[in-house]
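Subject: Structure for you to look at

Hello,

Here is the structure I promised to pass on, with my notes below it. Have a look at it first, then read on whenever you have a moment.

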Amino acid sequence: MKKALICGIFVAFCCIPCFVMGQSNGVDKGAQELVLQSTIDSAKPEKPAFFPHAAHQARLECKTCHHGKSAEGKRLSFVEGQKIEKCESCHNSKAGMPDKLASFKNAAHNLCQGCHRKNNPDLVKCAVCHKK
């Protein structure tokens, strides 16, 4: 009986670090699949884009796509734990940004197509994201 108790305590102490490590990384990583569509510039709604978020998370750091902005409106690198705002809260027709970033559509095309052109040109086709 004493031997079983000692073994049980030993196993518990071995398992606790694994459990704690798994729980401490419980940061919400967002949905596995996202449908991206503008809601601010909705006078002429664009086709929604289907985005495999989990597949990108598996090989990229969050800061590859996500960022914040300074009080002056300049881009700030993403830091772990930062609240992720909707892209179009800044990337919209009313924000006064350069054309390539002035809408959610333009910013997404600039970011996504730019990366895909470098890494996998076959994925630059419209139908890859904009399903029929």
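One cut-off before anything else: a residue counts as buried when its relative accessible area is under 20%, and as exposed when that value is over 50%. Please also keep in mind that this is a predicted model.

His-116 sits in helix α3, which covers residues 104-119. Its side chain comes to 3.3 Å from the backbone oxygen of Leu-123.

α3 is 16 residues long and spans 22 Å from its first C-alpha to its last, close to the 22 Å expected at 1.5 Å a residue. Which residues of α3 are buried? They are Phe-104, Ala-107 and His-116. Looking down the axis of α3, you will find the buried residues within an arc of 135°, so they line one face of the helix. As a reminder, an α-helix has 3.6 residues a turn, so residues three or four places apart point the same way. The buried residues of α3 pack against β1 (34-36) and α2 (53-57). On the face turned away from that buried side, α3 carries the exposed residues Arg-117 and Lys-118.

Cys-87 is in no disulfide either, as the nearest cysteine sulfur, that of Cys-65, is 8.7 Å away. Both of these residues are partly exposed: Cys-65 has a relative accessible area of 32%, and Cys-87 has one of 43%.

Finally, the overall picture. The protein has four helices and four strands, and from the N terminus on they follow the order α-β-β-α-β-β-α-α. Of its 132 residues, 13% are buried. The accessible surface comes to about 10,500 Å², with 63% of it belonging to carbon and sulfur atoms. Among contacts with a separation of 6 or more, 33% join residues 24 or more positions apart.

Enjoy looking through it, and do write back with any thoughts.

Best wishes

Notes: Residues numbered from 1 in each chain as written. Predicted model: local features only at pLDDT ≥ 70, side-chain atom pairs only at ≥ 80, totals over all residues. Heavy atoms only, no water. Helix = DSSP H or I, 4+ residues; strand = E, 2+ residues; numbered from the N terminus. Buried < 20%, exposed > 50% of the residue type's maximum accessible area, 1.4 Å probe, protein only. Contact = heavy atoms within 4.5 Å. Areas by Shrake-Rupley, 256 points an atom, 1.4 Å probe, with all protein chains shown as cover. Polar contact = N/O pair within 3.5 Å; in protein donor to acceptor, adjacent residues only side chain to side chain. Expected span 1.5 Å × (residues − 1). Arc of directions from axis to C-beta. Disulfide = S-S within 2.5 Å.
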